Amino acid sequence: MRTISMFALLSLALSGGCAQSAPAPDEWQKPESLFAPVRPAALDPHSHARPELARVRHLSWDARVDFSRRRIEAVADLTIAQSPGATELHLDARDLDIRNVYDQAGIALSYHLGPDHPMMGRDLVVRLRSDTDHVIVRYRTTEGAQALQWLTPAQTVGKKLPYLFTQGQAILTRTYIPLQDSPGVRITYDATVRVPKTLAAVMSAEHKGDRVDGDERVFTFAMPEAIPPYLIALAVGDIAFQELGPRTGVYAEPGVLPAAAAEFADVENMMTAVEELYGPYRWGRYDILVLPPSFPFGGMENPRLTFLSPTTIAGDKSLTSVVAHELAHSWSGNLVTNAAWADFWLNEGFTTYIENRILEKIYGKRRAKLVESIGRRDLLEELDDLGRDNPATALCRPIDDENPDDSINSIPYDKGSAFLRMLEVNLGREKFDAFLRTYFDDNAFSSMTTKKFSARLEKSFGADKLDALQVNSWLYRPGLPDNVPAVESDTLTQIKTAAGAFAKGQPLAQLSTQDFSSLEWVLFMRALPRSLDTQKLAALDQKLQLSTTKNSELRFEFLKLAVANHYDPAVPSLEQFVTSQGRRRLVRPMYDGLMKSDWGRDKAQRIYRTARASYHPLTQETLDGIVGEP
């Protein structure tokens with residue numbers, strides 16, 4: 001997830017991506033123009049799609065989920081629009097068993113599959129007739145479908161029924177649905193999903209109904225707003241629901257549901273807070289699905305149904321910043337989407353910035369400043385690791401020959417957020433908020449490039465002002481410009497003072513930490529030197545019960561210190577931590593730290609042999625590169 005490489009210059013010129021001189025792509029059609037003629041569009045270097053020839057507008061998906069064979073058998077009915085003279089439709093298909101392809105009249109269409117690209121899969125090329133407006137693909141998934149994670153009952157909380165969930169971002173939706181898998185090709189969709197009758201299905205769409213048909217339960221869904229394909233999402237399992245507010249609710253396994261509902265009780269207030277800042281929520285409902293522990297991320301912003309890791313349930317709402325982040329994506333990322341993955345900061349930098357504004361509005365400036373300080377430290381550490389002159393530290397830079405998943409780090413999130421904070425500070429919060437609200441209104445349900453965003457800034461505030469604020473340096477150059485706003489927090493100063501005193505030998509009982517929240521204790525541990533003696537580690541563990549706490553962030557920080565100091569008493573806790581959940585951000589540093597010493601290497605390899613099968617394929621891929629495939 002941390003390695004980054006460059007786009008080829010030719011692809012950059014075609015994509016209108018991050019080169020300042022590259023032409024911006026035409027705006028994509030909005031959903032109300034579903035059957036309008038196709039306009040020329042930029043090519044996405046991470047997709048085989050050729051939307052300038054023929055473009056998918058709508059997906060009707062009829063799928064049967066087969067747990068016994070661990071596959072989905074489906075029909076994808078693709079509504080398309082052709083350019084004059086077009087003869088081919090190009091689709092992305094990776095590890096799919098294509099059975100046949102036909103048109104709206106049931107007449108077979110000629111097709112072929114291009115060479116298998118290790119990252120992008122195959123180009124499914126369908127020969128079109130001039131009157132073809134539906135291309136229907138019958139297919140089934142294979143064992144190689146990385147978007148699908150099939151869980152045995154033992155891998156769930158309930159331990160009785162199997163579970164399936166999908167993860168399409170960035171370019172994995174093509175592993176279970178053949179379509180134009182590019183963030184710039186937005187589509188509407190409807191779905192009919194057939195599952196065993198003991199299970200329930202949920203999707204990133206409106207639930208239209210369900211019925212029992214023999215041994216199956218048939219669910220129907222509709223997403224009338226145009227979304228990028230990576231936001232199509234499905235989960236099937238023992239799933240229950242509890243309402244949180246008029247527009248909000250939480251889904252989870254029955255054993256998790258009460259704790260999840262209590263943890264996320266503020267979601268309705270969060271929605272109201274964002275609407276007051278940046279305009280109406282345009283997706284109908286906002287529900288949360290708490291997934292089984294193997295989900296590889298903290299959250300995934302699927303529209304109408306955010307996927308969350310159970311590691312976000314701490315019991316004290318201290319980790320609800322993840323919920324605020326995924327909710328913010330309903331504006332930045334879902335409503336206005338990066339046109340290509342080189343512009344990823346437009347999704348995540350905006351969302352991290354809005355997340356902090358939500359926290360400030362709901363929990364106050366003190367909490368928001370603390371969360372911002374965590375992001376700033378992550379950013380500075382990333383810059384130090386990569387090197388301040390490394391091109392990879394630019395916000396917008398080409399990544400053509402790299403899997404987008406492998407180029408995700410703190411830069412698009414925290415440097416992007418710092419850039420927007422800099423604009424807020426220098427342009428004025430009121431003016432900048434008005435700018436952002438108009439930005440979301442004017443570009444709703446469309447895709448965005450860095451160049452287009454920069455042009456919009458210039459039109460609103462003037463070229464001279466942007467030059468003075470070093471906007472081009474922020475966007476296109478490595479490192480961190482000197483006008484980055486300081487993160488000032490009296491609480492953070494207090495935390496650092498207490499951590500320094502403890503490191504020098506002052507007992508915890510003598511420190512002014514009585515009112516510390518769990519978030520403040522996280523920052524306290526981050527402020528400690530990496531080298532600590534056994535007595536200090538034992539004192540921390542005894543004070544906060546860090547070896548057994550349900551707060552994943554507290555435990556994570558303690559275990560990092562334990563690994564760095566070869567602290568044997570923490571090994572059972574560490575093993576339980578990395579085998580009971582598969583959130584990639586939490587397990588990777590554990591294995592990475594263990595593999596760096598003779599003390600930890602054998603432990604890492606032993607634990608990974610046991611745990612690997614329970615991890616999501618994306619997590620496996622990351623950890624195989626650290627520990628080695630067993």
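How much space lies in the second largest pocket? About 560 Å³. Keep in mind that this is a predicted model.

**Second largest pocket**
- Its lining is made up of 19 residues, and those nearest the centre are Pro-310, Thr-311, Ile-313, Lys-550 and Ser-580.
- Two helices, α15 (552-564) and α16 (571-579), each put at least two residues into the lining of this pocket.
- Sorted by class, the pocket lining comes out as nine polar, eight nonpolar and two charged residues.

**Cavities**
- Searching the whole structure turns up six cavities of 30 Å³ or more.
- The largest cavity has a volume of about 150 Å³.
- Trp-341, Phe-344, Arg-397, Ser-407 and Pro-412 sit closest to the centre of the largest cavity, out of 18 lining residues.
- The lining of the largest cavity has 13 nonpolar residues, along with three polar and two charged ones.

**Helix α3**
- Helix α3 covers residues 267-278, and its twelve residues should span 16 Å at 1.5 Å a residue; the end C-alpha atoms are 16 Å apart, so the two agree.
- On the buried list for α3 you'll find Val-267, Glu-268, Met-270, Met-271, Ala-273, Val-274, Leu-277 and Tyr-278.

Terms used
Residues are numbered from 1 along each chain as its sequence is written. This is a predicted model: local features need pLDDT of at least 70, side-chain atom pairs count only at pLDDT 80 or more; totals for chains, interfaces and linings use all residues. Side-chain values use heavy atoms; hydrogens and water are left out. Helices (H or I, at least four residues) and strands (E, at least two) are DSSP runs, numbered from the N terminus. The expected span of a helix is 1.5 Å times one less than its number of residues. Buried means under 20% relative accessible area, exposed over 50%, partly exposed in between (1.4 Å probe, protein chains only). On a 1 Å grid over the protein atoms alone, a cavity is a set of points where a 1.4 Å probe fits but cannot get out, and a pocket is an open set with protein on both sides within 12 Å along at least five of seven lines; lining residues have an atom within 4 Å of a point. Grid points are joined across faces, edges and corners, and a volume is the space filled by probe spheres set on the points. Ala, Val, Leu, Ile, Met, Phe, Trp, Tyr, Cys and Pro count as nonpolar, Asp, Glu, Lys and Arg as charged, and the others, Gly among them, as polar.
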